[in-house]
Structure formats: structure tokens, C-alpha cells
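Open the model in a viewer and keep the selection panel at hand. The stops below are meant to be taken in order.

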Amino acid sequence: MARRWTNTLTPEDVTPEAAFWNRRQIIAGMAGMGLASLAGPVRAAEGDLEPNSWDDVTSYCNFYEFGTGKSDPKTYAGRMTTSPWSVKIDGLVDKPGDYDFQQILGEMTIEERIYRFRCVEAWSMVVPWNGFELADLLNMAGVQEGAKYVAFETLYRPEEMPGTAYRVLDWPYREGLRLDEAMHPLTLMATGIFGKPLPNQNGAPLRLVVPWKYGFKSIKSIVRITLTDQEPPTSWNMANAREYGFYSNVNPNVDHPRWSQATERRIGSGMFASREPTLMFNGYEEEVASLYAGMDLTKQF
Ligand SMILES: Nc1nc2c(c(=O)[nH]1)N[C@H]1C(S)=C(S)[C@@H](COP(=O)(O)O)O[C@H]1N2
Ligand SMILES: [Mo]
């Protein structure tokens, strides 16, 4: 049995929004009284994993199939039909086939995980995801010897996806992981946020979440998962290989050509919207650094 990563955070750790803002005001008040030094440690120790609000997470989205603006997904993704939904699992697996989403749900253990989410444009959020480990799904399908990578594809349905009329990306949206990354217990197939089913704009009914990689690796509304022995092509890499590599690990020391990756701006952090230092592997260094031992991450970015 592989070691299972256990999450020590529970739903009780999700700060209720009111209490969250209240505490921010208290901290702000202390700062105003010349007690700014007290605010520092609170922010460093706990501020990190305070979830963003439902509105932040569902209003500020990227889903180019519905347009390239941050609010387009919220405006247009309601057009996408998500039921029935099936996921084709094929390639190097023992049990290839079309799996009904409800059937998958019935066989998986849904849990909550609060992860930092870091986008390549240097903004970040903290999101309470609900979902199951991708490893459980892959084990259900039976990964065959020789499989080295996992390829993912998003639904491509032009009549429901106005953004696909523009060739900003080569549709369908495609992503990929190395098999060991895919099997890592931090890698989640999300089916919900804040204990509710995923809103369409966040990738209903099933999306990937890889917390140590930039947000664009988290492919939404997945309809196909293929086990392969070749590194799969990915949409952003095909669009601009100089800017987007296959690995796309969060790394403050490797800048994107157009954005420094040394710091990030927490979405919705209001008066605290100062930039914060970005952590190696988005703060999951202890869990995942060993996957990249011996690799030159400035070349394999
Ligand atoms: N199919 C698909 N998946 C996608 C995208 C997309 O345009 N299409 N955008 C990616 C990018 S760039 C980011 S930052 C995240 C955003 O996820 P969120 O909208 O849930 O915050 O989704 C990723 N997954
Ligand atoms: Mo992104």
C-alpha cells in the first residue's frame, strides 16, 4: 500500500466568512493602534490558508471555452449541459471504457481539502475543494505497466461554448501529468467547492486540482483520461512553448517571461492586497520536491 497523504484540516477549519472579515477588521484596528507587529505573525501563521469567499472563487475564473475575460465563465458557462456526463478512460488501462459520472461518484470517497491555488498571472486564492484522489480513479481503471503519463481532455461542444469560436487555444483543452504526479495523494479530482457541487464556471462536474502547479494545469469539465507512454501535448504549451512548459510547477525562482513569479496577489484580500512571497511548489515542497530530484527546473519548467 502506498502511503496515503492525510489532510488534517476539517470543515470546522474553514473560517466562516463573517468571522473572517471580523478578524481582519480587528487586525486592521490593532495596526491602526500602532500594534502592527501583532498582525504580522497572525498573517504569516494562519492567514495563508484562510479560504477565499464563494464569490471570489466563482466570479473570478478562467475557462477560455466561454471567453477569455475573467467574468465570461460566470456569464456563459450556465449554457453547458453537465448531465448526463461520462468520462472516457482509455489507453494503457485494464478496464477502458466510458464511465458514467454518477457511477464514478458512487465508488469514490469524497472529502474536503483546502488548497492554495496559484495562477501563472501571479494571483492566488485559497479554495476548499471537495473531491477524491485521482489515484483512486486510476486504480479503479487499472493502470498498466508501461504507462508513464496521463492525458486529459475537456468537453468540446461549440454550440454550448461561445469561446471556442475563437482559436485562442487548440480545442479541446488538453493537459497532462507524469504518472507519479498523477498518482500523488495531493492530486485531486474535484467535484465541488465549499461542500456544494462545482459550479459550471469552475469546471463542473469534474476537474483536476494539482496544488503545486500553476492553475492552468487544473483542467476543467473533463471528458477523457488517457494513460500513455508518451508525454502528451498540452494546450498552453502548444499555444506558446516559450511561456508554458509541461511541468509548470509553482517556482518563485523561475519567472514567466511576462510575470515575475517571486510574489503573488491574493484575490479579494481587500486592504491587505499587498503582494506576498510565493512559496516553492506553492507551499507543498515537503510533499512533492522528491518527484523532481535531479531535474533542472529552470529548463524543465
Ligand atoms: N478547460 C479549461 N480548463 C481550464 C482553463 C480553461 O480555459 N479551460 N483555464 C485554466 C486556468 S488558466 C486557470 S487559472 C484555472 C482557473 O480555475 P478557476 O476558474 O476554478 O479558478 O482553470 C484552468 N483550467
Ligand atoms: Mo491561469
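The tour goes from the ligand to a helix, then to a strand residue and a loop residue.

This is a predicted model, in which local features need pLDDT of at least 70, side-chain atom pairs count only at pLDDT 80 or more, and totals for chains, interfaces and linings use all residues. Residues are numbered from 1 along each chain as its sequence is written, chains are lettered from A and ligands numbered from 1 in the order in which they are written, and side-chain values use heavy atoms, with hydrogens and water left out.

**Ligand 1**

Select ligand 1 and the residues around it (a heavy atom within 4 Å). There are 16 of them, and Tyr 64, Glu 65, Arg 207, Ser 218 and Lys 220 come nearest. By class, the shell has 8 nonpolar, 5 polar and 3 charged residues; here Ala, Val, Leu, Ile, Met, Phe, Trp, Tyr, Cys and Pro count as nonpolar, Asp, Glu, Lys and Arg as charged, and the others, Gly among them, as polar.

Next, show distances from the ligand's N and O atoms. An oxygen atom of ligand 1 lies 2.7 Å from a polar backbone atom of Tyr 64. A nitrogen atom of ligand 1 is 2.9 Å from a side-chain N or O atom of Thr 154, and an oxygen atom of ligand 1 is 3.0 Å from one in the side chain of Asn 202. Of the 530 Å² of accessible area that ligand 1 has on its own, the protein covers 98% (Shrake-Rupley method, 1.4 Å probe).

**Helix H6**

Select residues 134–141, which form helix H6 (a DSSP run of H or I, at least four residues; strands are E runs of at least two; both are numbered from the N terminus). How many of its 8 residues are buried? The count is 6, where buried means under 20% relative accessible area, exposed over 50%, and partly exposed in between (1.4 Å probe, protein chains only). Colour Leu 134, Ala 135, Leu 137, Leu 138, Met 140 and Ala 141 to see the buried residues. Gly 142 follows H6 and has a positive phi, near 80°.

**Glu 133**

Now select Glu 133, in strand E4 (residues 123–133). Glu 133 counts as buried because its relative accessible area is 4%. Its side chain makes a polar contact with the side chain of Arg 113 at 2.8 Å (N or O atoms within 3.5 Å; within protein, one must be able to donate a hydrogen and the other to accept it, and residues adjacent in sequence count only if both atoms are side-chain atoms).

**Pro 257**

Finish at Pro 257, in the loop between helix H8 (235–239) and strand E11 (263–266). Pro 257 has 41% relative accessibility, so it counts as partly exposed.
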